[in-house]
Amino acid sequence: MPVQTRATALTLTKRLRRLRTSPAMRALVQETRLSPDMLMMPLFICEGEGVRREVASMPGVFNLSVDEAVLEVAAAKADGVRGVLLFGLPEKKDDIGSAAYDPEAPVQSAIRAIKREVSGVLVATDVCLCEYTDHGHCGIVVDDEIVNDASVEQLVRAAVSHAVAGADIIAPSDMMDGRVGAIRRALDERGFEHAAIMAYSAKYCSAFYGPFRDAAASAPQFGDRKTHQMDPANVREALREVEQDIEEGADIVMVKPAVPYLDVITRVKDTFGYPTAAYHVSGEYAMLKAAGRNGWIDEPRAMMETLTGIRRAGADIIITYYAREAARVLA
Ligand code: PBG
C-alpha cells in the first residue's frame, strides 16, 4: 500500500512543490536567468610573442602576449562572451608606474590588436598603478604613504592612453578619491566623451585577491591596501563611495569581491538603480577550481550556482574568470 493515500492526504490549499514538478514547469517560473551577454572576462596581457603561461593558482587562466590575447578573445567570442577586461604585466616597473601610460605597453597594444582583429567585443581596461610600480602600491608613495592627488594624475594618464588606443570602457580600480571625475574630465577634453567609465566603487580590502597578485605580480612590497580599499565590515560607506562615483560621472558601478558582498550588491542596486557590476575575483575562482579538481565539489554546478547567486543579488554585469566556461553552459 502506498504510504500516502487519499485518506491520509493533508488538506493544503498551497503546495509549493506543484511548480517544481518538471523541467518545463521549473523553467516557467525561474526568477533569475543568466545570459552570456552579462559576462565579462578578465585577461592578463604580458610582453613577448606566442606567450601563453598558466597562472599556478588559477587553472585555466593565462598570462597572454598580445597575439595570444587576440586568439583568446576570438575564442571567447565564439563561446558567446562579448566583453573583456584587460590587465597589464609590464616587464619594467618604476616608482611612478610610468609603464601604465606607455602607448607601446601590453594593454595599449592589446586594445589596438583586439579592436583591429575581433569585431563586436567590448574592451574594458583596468586602471591602477599596482601592476606598474616597483613597490606594488596602487599609487605614488611618499614617506610610506600613498598620496592621493599625485596618484590621480598618473591614473588619468593611464586612462587617457587606453582611450587613445581604443578602449570602450575605462575601469579605475585604485580607490583614490576623485579619480572618476578627473578621468571623466580628461577624457572629455580630448574628445573621448563616448568612452564609458566602470568604476570599482565599493572595492574591499580582501584576502580573495591573492591569486590575482600572483598573476599580475602586483603584491605590495611593504604595508597593505587598507588606507584606500574598504573595510569588509562596512556597507553604508559603500553607498557613499558609489554615490560619489556616480556624481563624478561613473556609468557603471562595481562591487568587488562578489560572493562575500552579496548584500552590498543588493543595497547598491536598490539604492541607485545604476548598471551594477560584480567582480567574482581570483580567490573566489581559485577556491571553486581547487575543490573541483580535488573531487570535493561538482564544479560546473557550483560555478552556475555562484553566478546565479551574484545575479540574483542584483548584479547586471558579472566579471569572472569563468566567463568562457559559463557562456558555453548557457549557449
Ligand atoms: C588592482 C586590481 C586588483 C584586482 C583587480 N584590480 C588587485 C588588488 O587590488 O590588489 C583583483 C582582481 C582579482 O582578484 O581577481 N589593479
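**Questions on a predicted model and its ligand**

Colleague: What is the relative accessible area of Val 259?
Modeller: Buried means under 20% relative accessible area, exposed over 50%, and partly exposed in between, with a 1.4 Å probe and protein chains only. Val 259 falls in the partly exposed class because its relative accessible area is 38%.

Colleague: What pLDDT do local features need?
Modeller: Residues are numbered from 1 along each chain as its sequence is written, and side-chain values use heavy atoms, with hydrogens and water left out. The model is predicted, and while totals for chains, interfaces and linings use all residues and side-chain atom pairs count only at pLDDT 80 or more, local features need pLDDT of at least 70.

Colleague: Where is Val 259 found, and what separates its C-alpha atom from that of Ala 313?
Modeller: Val 259 is in the loop between strand 10 and helix 8, where helices (H or I, at least four residues) and strands (E, at least two) are DSSP runs numbered from the N terminus. Although Val 259 and Ala 313 are 54 residues apart along the chain, the separation between their C-alpha atoms is 9.4 Å.

Colleague: How many residues surround the ligand, and how many of the shell are charged?
Modeller: With a residue counted as near when one of its heavy atoms lies within 4 Å, 18 residues surround the ligand, and Lys 256 is among the closest, with Lys 203, Arg 213, Ser 282 and Tyr 321. For the classes, Ala, Val, Leu, Ile, Met, Phe, Trp, Tyr, Cys and Pro count as nonpolar, Asp, Glu, Lys and Arg as charged, and the others, Gly among them, as polar. On that basis the shell has 9 nonpolar and 3 polar residues, while the charged ones number 6.

Colleague: Which is it for Met 175, buried or exposed?
Modeller: Met 175 lies in the loop between strand 8 (169-172) and helix 5 (179-189), and its phi is near 70°, a positive value in a residue other than glycine. Because its relative accessibility is 4%, Met 175 counts as buried.

Colleague: Which is it for Ala 217, buried or exposed?
Modeller: Ala 217 is placed in the loop between helix 6 (210-216) and helix 7 (236-248), and its phi, near 45°, is also positive in a residue other than glycine. With a relative accessibility of 52%, Ala 217 therefore counts as exposed.

Colleague: What separates the C-alpha atoms of Gly 309 and Gly 50?
Modeller: Gly 309 belongs to helix 10 (residues 299-313), and it counts as buried because its relative accessibility is 7%. Gly 50 is 259 residues away from Gly 309 along the chain, and their C-alpha atoms are separated by 37 Å.
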